Amino acid sequence: MSKLIVSLSPHAHGPESVEKNMYGVILALLPTLLVSFLFFGVGSVLVCASSVLACMFFEWAIAKYMLKRKPTLTDGSAIITGLLLGLNLPSNLPIWMVVFGALIAIGVGKMCFGGLGQNLFNPAIVGRCFLLVSFPAAMTSWPVIGQLSSYTDATTGATPLALMKQAIKTGDTSVLERLPDSMDMLLGNLGNGFGAGTIGEVCALALLVGLGFMLWKRVITWHIPVSIILTVFVLSLLLHLANPIYANPLQVILSGGLMLGAIFMATDYVTSPMTPRGQLVYGVGIGLLTVVIRNWGSYPEGMSFAILIMNAFTPLINNYCKPQRFGEKVAA
């Protein structure tokens with residue numbers, strides 16, 4: 001009689017495979033990558049390429065020489081970690097910092113737990129948050145869009161999120177009048193010397209194209225991204241109606257790393273809940289924490305910290321949001 005062996009997550013159902021879904025995510029990231037190369041030029045290419053190569057190298061080296069097992073670079077997970085880490089960084093970040101972040105992402109965020117399927121936290125966010133805490137000045141210097149040939153000497157500017165934070169701190173609603181309108185933020189047409197933020201957050205439309213592709217290919221479900229975006233929208237609308245120092249909810253959801261985090265990072269197979277109900281709870285929690293950190297925390301952005309916090313709650317959510325067992329009677 002053969003034994004039933006259940007492997008570690010992520011689990012692929014039906015004809016799909018983990019590798020196929022991983023490369024599906026990579027394909028979904030291509031529009032965002034192409035737009036970032038168009039807007040930031042050489043800086044975006046250098047940061048993203050060095051991040052991917054460093055993540056692949058550290059995963060190979062740790063698996064081969066420390067864990068003493070065959071490296072699994074072909075599954076695509078190291079590439080995704082490198083891409084997401086790169087997209088969460090400024091386009092003028094020094095390469096040595098990018099490599100350092102990749103080491104933390106792979107070494108601490110992933111491989112020290114045992115590798116793919118065993119990590120508690122999203123590796124790319126672990127690397128990004130480590131760099132943000134360790135090098136806050138470099139990680140919050142945002143290049144202005146359009147400097148295609150510049151890298152280390154790029155001109156920087158304030159992001160829309162920084163203006164929203166300034167309005168809350170000062171109570172001056174006129175600050176919000178300097179924000180780009182919602183359509184410009186959707187297309188990445190910030191103008192007026194605005195810093196564009198991280199490489200991957202510049203164009204919400206490209207991220208939404210990636211979301212549509214992943215939903216079409218059933219790489220992810222709608223539960224996590226929709227619950228995050230809807231929660232942030234509703235809470236931001238209530239705050240805006242209560243006090244005009246809080247920005248328009250459309251501008252809130254189109255600014256910063258909200259779309260990138262909701263679509264590509266919170267939906268990580270390993271660190272998110274398994275059931276649709278659990279994913280909705282998880283998404284609402286991320287949205288709530290993001291609004292709290294953005295409006296009342298020290299940093300203008302709160303998406304990465306919110307995802308990390310809810311990653312820690314994923315085992316608890318899985319425990320309480322279980323599907324009904326086959327044949328189990330429901331209490332009247």
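A cavity, in the sense used for these views, is a set of grid points where a 1.4 Å probe fits but cannot get out. The model shown here is predicted.

**View A. The second largest cavity and its lining.** This cavity has a volume of about 170 Å³. Its lining counts 16 residues, and nearest the centre you will find Met164, Ile168, Val252, Arg294 and Asn295. Helices H7, H10 (223-242) and H13 each contribute at least two lining residues. By class, the lining splits into 11 nonpolar, 3 polar and 2 charged residues.

**View B. A closer look at Asn295.** Asn295 sits in helix H13, which spans residues 276-296. Is Asn295 buried or exposed? With a relative accessible area of 15%, Asn295 falls under the 20% cut-off and is therefore buried. Leaving aside residues up to four places away in sequence, Asn295 touches Lys165, Ile168, Leu239 and Tyr246.

View C. Among the 20 lining residues, Met22, Ile80, Leu84, Asp268 and Tyr269 are the closest to the centre. Two or more lining residues come from each of H1 (18-40), H3 (77-87) and H5, with H3 giving the most, 4 residues. The lining holds 13 nonpolar, 5 polar and 2 charged residues.

**View D. The second largest pocket.** Its volume is about 330 Å³. Of its 24 lining residues, Trp142, Thr159, Leu161, Gly197 and Glu201 are closest to the centre. Helices H5 (123-134) and H7 (160-170) each give two or more residues to this lining, and H7 has the largest share, 3 residues. The classes here are 14 nonpolar, 7 polar and 3 charged.

Note on methods:
Residues are numbered from 1 along each chain as its sequence is written. This is a predicted model: local features need pLDDT of at least 70, side-chain atom pairs count only at pLDDT 80 or more; totals for chains, interfaces and linings use all residues. Side-chain values use heavy atoms; hydrogens and water are left out. Buried means under 20% relative accessible area, exposed over 50%, partly exposed in between (1.4 Å probe, protein chains only). Contact means heavy atoms within 4.5 Å. On a 1 Å grid over the protein atoms alone, a cavity is a set of points where a 1.4 Å probe fits but cannot get out, and a pocket is an open set with protein on both sides within 12 Å along at least five of seven lines; lining residues have an atom within 4 Å of a point. Grid points are joined across faces, edges and corners, and a volume is the space filled by probe spheres set on the points. Ala, Val, Leu, Ile, Met, Phe, Trp, Tyr, Cys and Pro count as nonpolar, Asp, Glu, Lys and Arg as charged, and the others, Gly among them, as polar.
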